[in-house]
Amino acid sequence: MIQPEKTSKYAVVVSLLTLCFIACNGKASEISNHSSNPIVTIERFDKELPSYVQETDSAKIFLFIDKYTPFFPVYCRHILGLGDAPSFQKGLKMFLSNEAISQLYADTETKFSNDTVWITELHNAFLRYNELFAPQKRPRILTHISGLNQSIVTIDTTLLSVSLDCYLGENYPLYEQRYYNYERNLHESDRIPIDVVEVWLRTLYPYQSQRNALLDRMIYEGKILYCLSRIFPRTNEYVLLGYSDKQAQWCKENEAEIWKQLIGKKHLFNTESMLINKYIEPAPFVSVLHQDAPGRLGRWIGLQIIKAYANEKKKEAIEIIETTDNGGEILSASKYNG
């Protein structure tokens, strides 16, 4: 259990860029997943890229670049850092011929030639998204190999691409060098639908607090999690957060004390980004709170406030995501008290 203690310091602000990179109890009715026309089409940029690199026909080169614009130049310049060149073929050849990248490509193809469950889940998620958030648009979805760079990339509010090599499973050998132990469970392929929808929600509904206090950020994170819980009604809030059963149990047992310490330490209205990140970002534990407090605990508390607010005000998911990021206003209306 948390042992009460005193101290304080400040918190926050994190916003999404136009080019955006990434890592519940509220129940939604099941939505039919029967559809003659797939609601999600995955474009395998990664599978077509090796052929493009070897292409000598200028017409076919142009067709490939045109097909994958605006993603292609972003991929080459910003994800791979290849500089500025019309076709990027030379740099791409060097990238694909790298021994580690070749292995990633081979392992990704082996993994995802048989693993299509995530596509079905993503299809079902966007069916529910359509019902809950209509008439919002859906993204064009691609897949790519980044060399273990960003897991998800979005360009404006039109396109989203998944780096499949970032979802080869927590025990994939190369991940030991790339990710911390507490991050690796977030790199299973069943996380792809959750991550895709989360990034898409963040792209359409960016954080907009003017004050940038920890409470405001927790409210925003809670709104995102609440909507995810409605879009993935069979996935509990702890799975959405990537928590183990032990971490989930700790949260349940210590909720009242967590809230008490947040208030006692005067963290709620702090605006120091370093402190906010300790509550919001992945970490082995929340160092400013307790060594057993799981990382991203601020997101979980934000969700508890939003669930109380939704119940108190009888709000639907679309109303929740569009509501203010003013933490004080939402907290007061929610009547949440740990």
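Tutor: A salt bridge is a side-chain nitrogen of Lys or Arg within 4 Å of a carboxyl oxygen of Asp or Glu. This is a predicted model, in which local features need pLDDT of at least 70 and side-chain atom pairs count only at pLDDT 80 or more, while totals for chains, interfaces and linings use all residues. Residues are numbered from 1 along each chain as its sequence is written, and side-chain values use heavy atoms, with hydrogens and water left out.

Student: What makes Arg202 and Glu198 a salt bridge?

Tutor: The closest N and O atoms of Arg202 and Glu198 are 2.9 Å apart. The limit is 4 Å, so the pair counts as a salt bridge.

Student: Where do Arg202 and Glu198 lie?

Tutor: Both are in helix α8, residues 192-204. A helix here is a DSSP run (H or I, at least four residues; strands are E, at least two), numbered from the N terminus. Arg202 and Glu198 are four residues apart, about one turn of the helix.

Student: Why is Arg202 called buried?

Tutor: Buried means under 20% relative accessible area, exposed means over 50%, and partly exposed is in between (1.4 Å probe, protein chains only). Arg202 has a relative accessible area of 8%, so it is buried.

Student: Is Arg217 buried or exposed?

Tutor: Arg217 has a relative accessible area of 4%, so it is buried. Glu221, at 1%, counts as buried too.

Student: Which residues are linked in a network of salt bridges?

Tutor: The network links Glu198, Arg202, Arg217, Glu221, Glu281 and Arg299. The whole structure has 17 salt bridges.

Student: What makes Glu237 and Lys307 a salt bridge?

Tutor: Their side chains meet at 2.8 Å, N to O. Glu237 lies in helix α10 (residues 237-241) and Lys307 in helix α13 (residues 297-313), so this pair ties together parts that are 70 residues apart in sequence. Both Glu237 and Lys307 are buried.

Student: Why are α1 and α4 called oblique to each other?

Tutor: The axes of helix α1 (residues 45-54) and helix α4 (residues 89-97) come within 9 Å and cross at roughly 125 degrees. Angles under 35 degrees count as roughly parallel, over 145 as roughly antiparallel, 65 to 115 as roughly perpendicular and the rest as oblique. The angle of α1 and α4 falls in the remaining class, so these helices are oblique.

Student: Which residues make the contact of α1 with α4?

Tutor: Contact means heavy atoms within 4.5 Å. From α1 come Leu49, Pro50, Tyr52 and Val53, and from α4 come Gln89, Leu92, Lys93 and Leu96. By class, these are six nonpolar, one polar and one charged. (Ala, Val, Leu, Ile, Met, Phe, Trp, Tyr, Cys and Pro count as nonpolar, Asp, Glu, Lys and Arg as charged, and the others, Gly among them, as polar.)

Student: Why does Thr323 count as buried?

Tutor: Thr323 has 16% relative accessibility, so it counts as buried. Thr323 lies in the loop between α14 (317-322) and α15 (327-334). Leaving aside neighbours within four places in sequence, Thr323 is in contact with Lys223, Tyr309 and Ile330.

Student: Is Lys266 buried or exposed?

Tutor: Lys266 has 61% relative accessibility, so it counts as exposed. Lys266 is in the loop between α11 (245-264) and α12 (273-280), and has a positive phi of about 60 degrees although it is not a glycine.

Student: What is the phi of Arg296?

Tutor: Phi of Arg296 is near 70 degrees, again a positive value in a residue other than glycine. Arg296 is in the loop between α12 and α13. At 7% relative accessibility, Arg296 counts as buried.

Student: Which residues does a cis peptide bond join?

Tutor: The cis peptide bond joins Thr69 and Pro70, with omega about 10 degrees. Pro70 lies in the loop between α2 (58-67) and α3 (71-79).

Student: How far apart are Asn254 and Gly338 in space?

Tutor: Asn254 and Gly338 are 9.3 Å apart, C-alpha to C-alpha, and 84 residues apart in sequence. Asn254 lies in helix α11. Its relative accessible area is 1%, so Asn254 is buried.

Definitions and conventions:
Axes are lines fitted to C-alpha atoms, for helices over the stretch in contact, and angles run from 0 to 180 degrees between N-to-C directions.
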